[in-house]
Amino acid sequence: MKMYFASFQDLLTMDGHGFYVWSTVIVTLLIMIWLLVAPILSRRALLKEVARDILRERARQTSPTNTQGES
Amino acid sequence: MSWQWFHRLGSPRWFYHNSARWLAWLCPIAAAVVLGGLVWGLAIAPEDAKQGNSFRIIYLHVPASFLALAGYYIMAIAGAVGLIWKMKLSYMVMKSAAPIGAALTFIALFSGAIWGKPTWGTYWVWDARITSMLILLFLYLGVMALQYAYHSIDAASKAGAILGLVGTVNIPIIYKSVDWWFTLHQPATIKFTSAPSMHPDMFQPLLVMIVGFYLFYAVALILHTRSEILRRERKTSWVRELLNEKNQDVADKKVGKS
Amino acid sequence: MASSVNSGFLAWLRRDLLLAYRRRGEAASPLVFFVMVSTLIPLGLTPESARLAEVAAGMIWVMALLATLLSVDGLFASDYQDGSLEQLLITPQLLPMPLLGKITAHWLTTGLPLTLVSPLLGLMLSLPASGYLPMICSLALGTACLSLTGAVGAALTVSLRKGGLLLSLLVMPLYMPVIIFGTATVTYAIDGLNWLPPLAILGALFAASVALCPLAAAGGLRITSAN
């Protein structure tokens with residue numbers, strides 16, 4: 001498999017069409033990466049939230065006189 | 001007895017535990033195919049006689065369009081399965097599929113628009129394909145907005161599933177109507193480099209990219225579904241257990257290190 | 001027992017027509033909208049007759065579509081608020097039949113008046129003479145399709161607070177084939193071609209809508225009633 005372009009410089013400019021091709025590639029890759037990263041981040045946030053809920057419940061159980069609820 | 005696997009498939013907990021294993025091998029394969037295909041199409045394949053190097057956008061535009069349309073049907077089928085078998089997991093998959101499909105539709109529109117500039121001199125052309133893609137985006141946004149508007153998750157899922165089915169029935173009608181409308185008003189002969197008449201050196205990387213995008217879609221769908229499972233099931237005991245296991249792992253590692 | 005299917009349709013048709021008659025002013029607002037907004041077109045574009053004639057067919061159709069879109073929200077809204085929607089859901093009749101009655105009443109109070117007023121608008125927007133009959137035929141069939149499809153969207157959004165805007169977003173893609181073939185009917189006639197084929201396709205869309213939309217709307221209503 002030989003590269004079609006003579007040099008790396010040619011690959012970037014693509015005979016004047018470089019702007020169109022590379023801007024499309026960059027935007028597409030950014031969106032695809034975001035589609036993969038966003039659920040990972042939200043999953044971590046959810047796990048942290050569940051951990052907080054567990055702690056909150058445990059605190060409520062260990063101090064039964066605290067019926068007004070923590071602020 | 002053989003339907004057991006089908007109903008086990010409907011358990012969010014089963015899916016959550018097993019999808020972690022699936023991702024372990026699916027992710028590297030998807031990455032390899034997409035990046036390999038991209039390098040092949042951008043750097044190695046020959047340029048088009050008429051359009052020059054800007055035709056290389058096809059390696060992103062066509063796979064994105066394929067997946068945008070396939071993704072809608074996947075979303076609609078997930079909704080239908082949820083309605084018929086009342087499977088929670090199916091509804092979660094439907095909800096996850098919507099934003100992924102919408103993003104892919106946007107990629108298709110964006111890449112199509114940029115491709116239009118060097119080819120026909122303008123960023124937007126009301127041709128049949130782009131117009132159909134735009135309508136598909138509206139259909140996706142409708143399903144997302146409808147689910148978001150309901151407070152009850154059950155009602156949101158059912159309403160979204162019905163709207164998905166209505167859209168599915170309408171998509172062939174809409175596509176055919178727009179196609180017919182465009183031929184009615186055709187200003188000039190505008191043709192994409194149609195796939196079958198493409199030279200194999202240009203067609204092969206396109207096939208690789210299409211396969212790669214399908215794999216990417218699978219990874220994204222699994223990731224989003226895992227997140228949605230946690231969101232809906234966070235009050236259940238198995239999620240609590242999951243967290244305890246994780247904490248235990250962390251604690252064990254600390255003890256092991258010291 | 002055989003008559004129970006039909007009696008649902010006529011009973012709800014009569015009911016909705018009677019209600020619309022009692023609130024005549026409100027029921028007429030889509031029509032008023034249709035006429036008034038058509039005045040905006042020359043103001044926004046040009047008073048020249050020749051240029052208006054080019055866009056008249058499409059503009060009248062777009063205005064009719066928007067007027068119907070605004071009105072379809074009210075199909076189930078007042079029934080939802082006063083509880084008659086609950087009554088509708090527990091009647092012994094098959095739900096699609098009373099719904100078809102309501103949708104027919106909606107068309108009789110919006111689509112049909114729009115169709116009958118369209119020649120007036122054609123005059124105002126310099127629609128060529130050969131376009132009048134196709135305009136009436138296409139609007140009659142087309143607004144019926146719009147009412148039917150709009151009912152599905154209305155059923156899915158009736159219990160939501162800002163349902164009206166969401167409804168427009170939902171049904172807009174479904175409206176597009178109707179407007180494509182509706183305007184094509186008129187422009188074919190203006191260009192001297194046979195305008196029956198696009199009208200036939202519009203008829204096919206109407207037939208499919210009559211068969212399927214009441215079922216989909218019934219399904220949607222059953223969900224929203226549980227919300």
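At what angle do helix α4 (residues 88–120) of chain B and α6(B) pack, and how far apart are their axes?

**Entry 1: ground rules.** I noted that this is a predicted model, where local features need pLDDT of at least 70, side-chain atom pairs count only at pLDDT 80 or more, and totals for chains, interfaces and linings use all residues. Residues are numbered from 1 along each chain as its sequence is written, while chains are lettered from A and ligands numbered from 1 in the order in which they are written.

**Entry 2: the helix pair.** I looked up my opening question: α4(B) and α6(B) pack at about 65 degrees, with axes 10 Å apart. Here axes are lines fitted to C-alpha atoms, for helices over the stretch in contact, and angles run from 0 to 180 degrees between N-to-C directions. The crossing of these two helices is left-handed (the near helix is turned anticlockwise from the far one by less than a right angle). I then found who meets whom: B:Tyr91, B:Met94 and B:Lys95 of α4(B) meet B:Ser157, B:Gly160, B:Ala161 and B:Gly164 of α6(B). By class, this contact has three nonpolar, three polar and one charged residues. For the classes, Ala, Val, Leu, Ile, Met, Phe, Trp, Tyr, Cys and Pro count as nonpolar, Asp, Glu, Lys and Arg as charged, and the others, Gly among them, as polar.

**Entry 3: chain B overall.** I saw eight helices and zero strands in chain B; helices (H or I, at least four residues) and strands (E, at least two) are DSSP runs, numbered from the N terminus. Its C-alpha atoms fill a box of roughly 65 × 45 × 35 Å along the principal axes.

**Entry 4: chain B meets chain C.** I found 22 residues of chain B in contact with 21 residues of chain C, contact being C-beta atoms, placed from the backbone, within 7 Å. On the chain B side, α5 (128–149) and α6 (153–184) each supply at least two residues. The largest share, 12 residues, comes from α6(B). That side has 17 nonpolar, four polar and one charged residues.

**Entry 5: a bent helix in chain C.** My last stop was α3(C), residues 49–72, which bends by about 55 degrees at C:Val55. The bend is the angle between axes fitted to the seven residues ending there and the seven starting there. Several of its residues are buried, including C:Trp61 and C:Leu65 (buried: 20 or more other C-beta atoms within 10 Å of its own, placed from the backbone). Their cover includes α2 (24–44) and α9 (163–190) of chain C.

Technical notes
Expected span 1.5 Å × (residues − 1). Buried ≥ 20, exposed ≤ 12 C-beta atoms within 10 Å, placed from the backbone. Contact = placed C-beta atoms within 7 Å.
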